[in-house]
Amino acid sequence: MEEKNINYERLKKLFDEVVREAVSLGIPISRNIHGPVINTRAKARFGCCKANKKTIGPVSYTIEISERVLAAGEKNIKEIIAHELLHTCRGCMNHGKKWKEYAEVFRKGCGYKITRTTSYESLGLEVPAGTRQSEPYKYVLVCQKCGGKIMRRRRCSLVEKPHLYRCGKCGGNLELQAKNTTSCR
Ligand SMILES: [Zn+2]
Ligand SMILES: [Zn+2]
């Protein structure tokens, strides 16, 4: 249920702003959106867009925003809202080509940096205790045949002895990718 409190009022205001921006930029977001709903439990995700497929007629969507996000700056919050709104465009439930195209429209029109994933660090927030998501993937193994990637947060046998393992999809050899040195902002 929607909470009628200061947090909610603030989120709702930002939400409505982003909706207006999307419409004015010609991004075809759904007209059937419930929310925003504040999710007080989610730790490992910041926003969520659910398609309510049981309804008769056009699909409606529910957008949830994690309570924790509300401690971030307004632009960060709006970027998360924009990310979720994009999922309500036809054929955009994944982060595929169309989703990226519309994300680019948002970037050009409003300067929103919409990424597929977000971290507490990039929102300028402290990581809550016991959150797995906070720990970044340090090790990336790449299949030399199909290019598939396997991510690991910690050192493990797979990271240390990749030659003993094979790609789960195609059976190709795995190689540890050089550590990524670019910081995620
Ligand atoms: Zn998404
Ligand atoms: Zn493979």
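Read along the sequence, the protein follows the pattern α-β-β-β-α-α-β-β-α-β. That comes to 4 helices and 6 strands, where helices (H or I, at least four residues) and strands (E, at least two) are DSSP runs numbered from the N terminus. What you see is a predicted model, in which local features need pLDDT of at least 70, side-chain atom pairs count only at pLDDT 80 or more, and totals for chains, interfaces and linings use all residues. Residues are numbered from 1 along each chain as its sequence is written, while chains are lettered from A and ligands numbered from 1 in the order in which they are written.

Let me turn to one pair of helices. The axes of helix α1 (residues 6-24) and helix α2 (residues 74-86) come within 9 Å and cross at roughly 55°; axes are lines fitted to C-alpha atoms, for helices over the stretch in contact, and angles run from 0 to 180 degrees between N-to-C directions. That angle makes α1 oblique to α2, since angles under 35 degrees count as roughly parallel, over 145 as roughly antiparallel, 65 to 115 as roughly perpendicular and the rest as oblique.

Which residues make the contact? From α1 they are Leu14, Phe15, Glu17, Val18, Val19 and Ala22, and from α2 they are Glu74, Ile77, Lys78, Ile81, Ala82 and Leu85. Two residues are in contact if their C-beta atoms, placed from the backbone, lie within 7 Å. Leaving aside neighbours within four places in sequence, Leu85 is in contact with Val18, Val19, Ala22 and Ile29.

I now come to the interior. Buried residues make up 21% of the 185 residues in the protein; a residue is buried if 20 or more other C-beta atoms lie within 10 Å of its own, exposed if 12 or fewer, and partly exposed in between. A nonpolar core is a set of buried Ala, Val, Leu, Ile, Met, Phe, Trp, Tyr and Cys residues joined through C-beta atoms within 7 Å. The largest such core has 24 residues, of which Ile65, Ile81, Ala82, Leu85 and Phe106 touch the most other members. Two or more residues each are given to this core by α1, β3 (60-66), α2 and α3 (97-110), and the largest share, 6 residues, comes from α2.

Finally, consider Ala103, which is found in helix α3. Is Ala103 buried or exposed? Ala103 counts as buried because it has 22 C-beta neighbours inside 10 Å. Not counting residues up to four places away in sequence, Ala103 touches Leu86 and Ile114.
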